[in-house]
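Visitor: Hi, could you walk me through this one? I'd like to start with a single residue and then zoom out.

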Amino acid sequence: MDSNGYIKLHRSILDWEWYDDINTKIVFVHLLLNANWKESKYHGYNVPAGGLVIGLNSLSKKLGISVQSLRTALNHLKSTGEITIKSTNRFSVVTIANWEKFQ
């Protein structure tokens, strides 16, 4: 991961429907900060700009939340169209919808 650069986070996030859900908010901000800025490949899978590869166990440890809480947060984000998820038996590729607006 390249730690250079920035993302845009507009104050309107304060009105976002998941803003009061701490787990969903922290997961989304983590995804924004760690998403690819350009397309790449991982184990034969395309990871688009705005996407990243995650493993549920490692991400739950990194964020300090349970795997079930992580699944719930990801489902929240998926249900309202913030992200899409393509899963394999070893990892998932999460893509942020409207990635460009955070750049």
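Predicted model: local features only at pLDDT ≥ 70, side-chain atom pairs only at ≥ 80, totals over all residues.

Visitor: Where is Ser-60 found?
Guide: Ser-60 belongs to helix α2, which covers residues 56-63.

Visitor: And what is Ser-60 in contact with, leaving aside its neighbours within four places in sequence?
Guide: With those neighbours set aside, Ser-60 touches Ile-65, Ser-66, Val-67 and Leu-70.

Visitor: Let's zoom out. How many helices and strands does the protein have?
Guide: There are 3 helices and 5 strands. Reading from the N terminus, the order is α-β-β-β-α-α-β-β.

Visitor: What radius of gyration does the protein have, and what would a compact globule have?
Guide: The protein has 13 Å, and a compact globule with 103 residues would be near 13 Å, so the two agree. As for extent, the C-alpha trace spans about 40 × 30 × 25 Å along its principal axes.

Visitor: What share of the residues is buried?
Guide: Buried residues account for 36% of the 103 in the protein. The accessible surface is about 6700 Å², and carbon and sulfur atoms hold 50% of that.

Visitor: What about contacts between residues at least 6 apart in sequence: what percentage join residues at least 24 apart?
Guide: That figure is 55%. For a pair that is separated in sequence, take Thr-72 and Asn-23: they are 49 residues apart along the sequence and 8.6 Å apart in space, C-alpha to C-alpha.

Visitor: Tell me a bit about Thr-72. Which helix is it in?
Guide: Thr-72 sits in helix α3, residues 67-79. Thr-72 counts as partly exposed because its relative accessibility is 32%, which lies between the 20% and 50% cut-offs.

Visitor: Now Ser-87: buried or exposed?
Guide: Ser-87 is exposed, since its relative accessible area is 56% and the exposed class starts over 50%. Ser-87 is part of strand β4, residues 83-87.

Visitor: How are Ser-87 and Lys-25 separated?
Guide: Their C-alpha atoms are separated by 22 Å, and the two residues are 62 apart along the chain.

Visitor: Last topic, backbone angles. What phi does His-43 have?
Guide: His-43 has a positive phi of about 50 degrees, although it is not a glycine. That deserves a look because most residues other than glycine have a negative phi. His-43 lies in the loop between β1 (40-42) and β2 (45-47).

Visitor: And what phi does Asn-98 have?
Guide: Asn-98 also has a positive phi, about 55 degrees, without being a glycine. Asn-98 is in the segment after β5 (92-96). With 48% relative accessibility, Asn-98 counts as partly exposed.

Methods
Residues numbered from 1 in each chain as written. Heavy atoms only, no water. Helix = DSSP H or I, 4+ residues; strand = E, 2+ residues; numbered from the N terminus. Contact = heavy atoms within 4.5 Å. Rg over C-alpha atoms; globule rule 2.2 N^0.38 Å. Buried < 20%, exposed > 50% of the residue type's maximum accessible area, 1.4 Å probe, protein only. Areas by Shrake-Rupley, 256 points an atom, 1.4 Å probe, with all protein chains shown as cover.
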